[in-house]
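Here is a friendly walk through a few spots in this model. Have the structure open as you read.

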Amino acid sequence: MKLELSMVVQGCRLGVLTGLGRAGQHSLEVPGCLLYTRCGTVPHLTQDTLHTLNNLPSVTQLTLNTLAEHQEVLEEFKEGVRKFAGLHDTVLYCSLHDPATSCPPGHITNKTVSVWGSGGRIELTVAKFMALQKAVQPDLYQSMADGETWQINTSRKRVRKSVDRTLAHLDECLLLHHKTQELSGVEVLGVVEGGDVLEERVRSARETAKRPVGGFCLDGLHTAAMETHLRTQLITAIIKELPEDKPRLLQGVGRPDEVLACVEAGVDLFESFFPFQVTERGCALTFPFNITTDPEAAGTGVQVPPTVVELDKHEAAIGQKNGTDNPQEDQTKMTPFEINLKDNRFVSICVCASWCMHVCLCPSHSILRCVCVCVCVCVCVCVCVCVCVCVCVCVCVCVCVPVSSVCACVSLWVCVTLCSPGTERTSVPWWRGVAATAAGTTRGRTYTTFW
Amino acid sequence: MAAPIARGAATSSLETGMVVKKAVSIVAPLALRIIAECPVTKARACDLKLPHCTVSTPVFMPVGTQGTMKGITVDQLDDLGCQICLGNTYHLGMRPGPELIEKANGLHGFMNWKRNLLTDSGGFQMVSLVELSEVTEEGVKFKSPYDGKEILLSPEQSIAIQNSLGSDIMMQLDDVVSSTVTGPRVEEATWRSIRWLDRCIAANKNPDRQNLFAIIQGGLNAELRKACLDEMTKRDVPGFAIGGLSGGEEKDDFWRMVTLSTDHLPREKPRYLMGVGYAVDLVVCVALGCDMFDCVFPTRTARFGSALVPWGSLTITKKQFAKDLQAIDPDCQCPTCRRHSRAYLHALFKSDTAAMHHITIHNISYQLTLMRSMRQSIIDGRFPDFVRTFMKRMFPSPEQYPGWAVDALGTVNITLN
């Protein structure tokens, strides 16, 4: 595996990673990404459907958490995940964790890390980890690492431990790697840890760079772990300690804006789990990424769509923040790069018919003697505009017949209803707003009517 | 012998005195050409010409309820050689609704399917899925599960929705009664279905490009069914469905009604047996003279991990397949069997929905291949041998052949021992 850089511009590296795969025939452009899979399959897609897409990444990412429970089958099979999963012409990279799944913390020890399969937790020593790699037979893999530094208030001591353990695991992995026939020609990526502590990051990077690894994996910097500014700071510091001719893979970062920031900081490779996350919440990616080469017209050069508040008033109304200033927020909420396909604005016009009933009280007479009830039918046409508002107008006439006289009132309703996103049809608007009314009676009284 | 394509105006009257005039249609949107008839049984192989393409029968039509075959793309369905599939009027009528689909160039445009579509009337779903409020002469009143509103589905409305969907074959709205019900309700439903058929015919805005099929009722009552056949065959519809079966009745009653129906349906029009999908049922009913079938079974069972094979079915999620490196069916040519093993699919089932999609593709391929083999054997004049070979493969020994199947095949001159 060789990294050939053609250009470095303001920290951004441009080049090609060549000599990938057992026969060395594959290459991957840098900056680039890996193809995210679960148990060797791109989520929801069969191979045929997958291959209707062009320009798929030449390196496929496997994750140990979806493979560990199948160790026995793979060992009996003997021919690795490539053949087991029916993956043909692709390079395989094996990571420890799945970037789209979070792990429950607190299960890491000095000698072990854990992954979670469909049947529960599986504990891995370095020996078991390497046995798995032997069964999976990837083309490159990250060494076993302790990356549990993302929680708020992780102590300095804990961070230091994660660096120490990861280095120890790396040394053990490399030892076993060179003893394993099935892994000859396979590259190992050293993992840089260090939480949010600059000194630990530098130490981890420096020490890892001393080992004979094929490249570097930057861990513990994922989207939920810290905000963008700190991340790029740390990456910049890490990069200074790493050799230029080896690739750097950043784990757990997939949002377009964050990816760009990290490319500027010197990262070469990313994981591509972000489209999967967007899919799982029923959204589709729709961000423009045109680059204007005219220096007069260019701003940052890449258009980032308007903020969330403009796009999705409903979410804003609930007060959710979007963007990376609050990283520990739930990863399932929408970003500015997508549209929610369940949104009603994609159903252009809804027609609803409904009825309303209200009670008029006539204050000019004794309450006991005059209560009238009227029923009116209104037909409203609701047009969902960008804020999902239906405006309905209905007119109803009610006639009160108190003991001594007849009074009539006409009331005009203007009701404002909010269509909640996620309902399939807004055919029955539910009345949230209360309208003002004007009424006239034979006696010149005003009546208040309400719903 | 092709279906007659030009006819003078025909009239028919019912006991209510309604007169239905059938207009002259110069070019019908359906033409059936009988390629071969089995000299031993009632099976036939035909070419059914429909607006979007010609369909080879006998044919199995996969069900894509909400305008999609769950888990697979229209391209994949196309690659499997599917020439006609089903969409569901009830579901699509509720969501997204006929107006939107009409704007999208009909259901074909909406789901981007270039071959044929058959839509059912919505009648069956109303009975099977929702609280049935009331069946009146007007239509069926029920409460929609989507928004709780009271909806009336009348023959006119069902046809209107199907007109908007633009399907190649539409089904009449019938008064659906479970096949386990007996008594006067069945008779009422039969006569009402005939009246509703006439209303559907009158309501069809596109007789030049959409084919309306009648649905023969009569439950499990031979006289009633015969009466229904006599009446409905008087109407000039392009095809007939055999309905009111496949709902939990005894198989012994089921096949008798099927064969009675095919005995009295016109030879030159297609016969569609609704809701039949198990392999044995398909083979027997082809022998009894049916041309078209639909069922959710193969696609639904796939999502539970069950793969259909010539000797039964394999539940891939079972432990015994964890290390089984063969394809689901080593002889199957579907994309799943060409690339994946049982062991891999077993493993994948624990991680991702793609496993279900793989099995869906295999099951649809299995059904379509079965129909294709039957068709070819009819054309080659060896259909009875095909049936015997099929049964031998499917059941470990002759003692295990289902009794009803043996009886049914016996009536069309196939002996199974």
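## Annotated site and surroundings

In the unreviewed UniProt entry, the annotation "binding site" covers B:Asp120, B:Ser121, B:Gly122, B:Gly123, B:Phe124, B:Asp174, B:Gln217 and B:Gly244. Please keep in mind that this is a predicted model.

Let's start with B:Ser121, one of the annotated residues. You will find B:Ser121 in the chain B loop that runs between strand S8 (116-120) and helix H5 (123-129). B:Ser121 counts as buried because its relative accessibility is 3%, and the cut-off for buried is under 20%. Apart from neighbours within four places in sequence, B:Ser121 is in contact with B:Thr89, B:Leu153, B:Ser158, B:Gln162, B:Met171, B:Gln172, B:Leu173 and B:Asp174.

With a relative accessible area of 25%, B:Gly244 is partly exposed. Leaving aside neighbours within four places in sequence, B:Gly244 is in contact with B:Ser179, B:Gln217 and B:Arg225.

Now to a helix residue. B:Thr299 belongs to helix H11 (residues 297-302) of chain B. Beyond neighbours within four places in sequence, B:Thr299 is in contact with B:Val63, B:Met69, B:Thr360 and B:Ile364. The table puts its accessibility beside that of other residues discussed in this report.

| Residue | Relative accessibility | Class |
|---|---|---|
| B:Ser121 | 3% | buried |
| B:Thr299 | 6% | buried |
| B:Gly244 | 25% | partly exposed |
| A:Val9 | 42% | partly exposed |

How many residues of helix H13 (residues 342-349) of chain B are buried? The count is 7 of its 8 residues, which leaves the helix mostly covered. The buried residues in H13(B) are B:Arg342, B:Ala343, B:Tyr344, B:Leu345, B:His346, B:Ala347 and B:Leu348. What do these residues pack against? In chain B, their partners are strand S18 (312-315), helix H12 (335-339) and helix H14 (354-379), and in chain A, helix H4 (80-84).

A:Val9 lies in strand S1 (residues 2-9) of chain A.

Notes. Residues are numbered from 1 along each chain as its sequence is written. Chains are lettered from A and ligands numbered from 1 in the order in which they are written. This is a predicted model: local features need pLDDT of at least 70, side-chain atom pairs count only at pLDDT 80 or more; totals for chains, interfaces and linings use all residues. Side-chain values use heavy atoms; hydrogens and water are left out. UniProt positions are given in the numbering used here, feature names are shortened, and annotations may be inferred rather than shown by experiment. Helices (H or I, at least four residues) and strands (E, at least two) are DSSP runs, numbered from the N terminus. Buried means under 20% relative accessible area, exposed over 50%, partly exposed in between (1.4 Å probe, protein chains only). Contact means heavy atoms within 4.5 Å.
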